[in-house]
Amino acid sequence: MPTSERSRRINADLHAHSNVSDGALAPAAVVRRAHACGVELFALTDHDELGGLAEAATAAQALDLPFVAGVEISVSWARETIHVVGLRVDPGCRELRDGLARTRIGRDDRAREIGAQLARAGIDGAYEGALRHVANPAMVGRMHFARFIVEAGACRDVRHVFQNYLVEGKPGFVPHRWAELGAAVDWIRAAGGVAVLAHPGRYSLDDGEMWALIGAFREAGGSGIEVVSGSHVAEHYPRFARLARKFGLAASRGSDFHAPLESRFEPGSLPPLPDGLAAVWEDWFEAARALAQRPRDVPAGA
Ligand code: AMP
Ligand code: MN
Ligand code: MN
Ligand code: MN
């Protein structure tokens with residue numbers, strides 16, 4: 001069922017990062033920025049981590065900003081790394097928490113190996129340098145290395161880093177086995193959430209492989225797909241709108257905001273969803289707004 005026009009016009013941003021993963025701002029600061037940018041329904045979706053959600057929810061409540069608890073899970077599918085966003089998850093869910101904890105294992109060893117490779121390519125001290133950008137040592141990742149490489153003067157911005165380093169075939173690429181697709185979707189659903197395929201336009205898959213991925217995702221219990229994403233280019237919007245309709249997936253929208261100046265899109269700055277799609281947030285907005293606007297001096301349920 002297509003989304004109502006009213007729902008489609010809500011400035012929903014359901015994909016963003018804090019320094020609990022590889023964003024640069026603390027969770028409350030990301031929420032304040034989203035609010036200042038005009039976002040009306042916001043999800044924090046840190047990589048493989050739920051640790052920022054309590055702070056973000058409190059900050060959102062203080063601003064009457066409807067908030068959705070989210071996460072972005074790293075998945076290995078075929079030979080590709082895929083990201084699956086979980087929305088409206090219960091951060092207390094044991095199955096989700098344990099699954100994410102297992103997914104985080106190995107990041108530090110990988111980071112040391114990335115550092116060693118970069119040293120062989122002439123960039124010294126990258127592991128220690130990346131760690132200076134890390135607020136949560138369990139989540140050291142390529143973005144922290146990218147920031148260090150810019151700081152070291154080897155590239156002018158992180159976009160150029162990901163063209164010359166840290167990606168397959170370039171120095172600083174260390175393959176890693178992440179969660180299984182089915183397991184990631186199961187954890188999200190166990191936590192009461194909705195699984196959304198993140199930024200499909202970013203994966204190096206031909207048409208047949210993309211169909212196979214979306215089919216496998218749907219089969220596993222996934223029910224949404226990002227159509228309008230800060231990690232997409234404009235040509236991706238109609239393409240993934242078509243695939244959303246074809247596969248009966250709800251559509252999502254998110255900036256994938258990481259840091260001021262660094263990210264291409266500020267929270268809430270993307271175009272609305274194309275017409276004729278079901279928005280993942282169609283039935284959420286009123287409930288989230290009621291929660292955000294609950295009088296704080298009256299006990300819940302009173
Ligand atoms: P990791 O989980 O450590 O492999 O790091 C992945 C992160 O690196 C992503 O979440 C993005 O923040 C960033 N990243 C990866 N590829 C690119 C790219 N081509 N351009 C910009 N950022 C990227
Ligand atoms: Mn990231
Ligand atoms: Mn991602
Ligand atoms: Mn992301």
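How many Å separate a polar side-chain atom of R110 from an oxygen atom of ligand 1? In this predicted model, the distance between a polar side-chain atom of R110 and an oxygen atom of ligand 1 is 2.7 Å. Two further arginines take part in such pairs: a polar atom in the side chain of R142 lies 2.8 Å from a ligand oxygen, and an N or O atom in the side chain of R107 is 3.0 Å from an oxygen atom of ligand 1. Taken alone, ligand 1 exposes 500 Å², and the protein buries 82% of that area.

The ligand sits in the largest pocket, where the residues surrounding it include D22, H47, H83, G141, M143, F162, R202 and H258 alongside the arginines R107, R110 and R142.

Turning to where the shell comes from, helix 5 (107-120) and helix 7 (142-151) each contribute at least two of its residues. At the level of domains, at least three shell residues come from domain 1 (3-104 + 177-293), and at least three come from domain 2 (107-164).

Note on methods: Residues are numbered from 1 along each chain as its sequence is written. Chains are lettered from A and ligands numbered from 1 in the order in which they are written. This is a predicted model: local features need pLDDT of at least 70, side-chain atom pairs count only at pLDDT 80 or more; totals for chains, interfaces and linings use all residues. Side-chain values use heavy atoms; hydrogens and water are left out. A residue is near a molecule or strand if one of its heavy atoms lies within 4 Å of it. A polar contact is a pair of N or O atoms within 3.5 Å; within protein, one must be able to donate a hydrogen and the other to accept it, and residues adjacent in sequence count only if both atoms are side-chain atoms. Accessible areas come from the Shrake-Rupley method with a 1.4 Å probe; for residues, only the protein chains shown count as cover. On a 1 Å grid over the protein atoms alone, a cavity is a set of points where a 1.4 Å probe fits but cannot get out, and a pocket is an open set with protein on both sides within 12 Å along at least five of seven lines; lining residues have an atom within 4 Å of a point. A molecule sits in a cavity or pocket if more than half of its atoms lie within 2 Å of its grid points. Helices (H or I, at least four residues) and strands (E, at least two) are DSSP runs, numbered from the N terminus. Domain bounds come from an automatic or database domain assignment.
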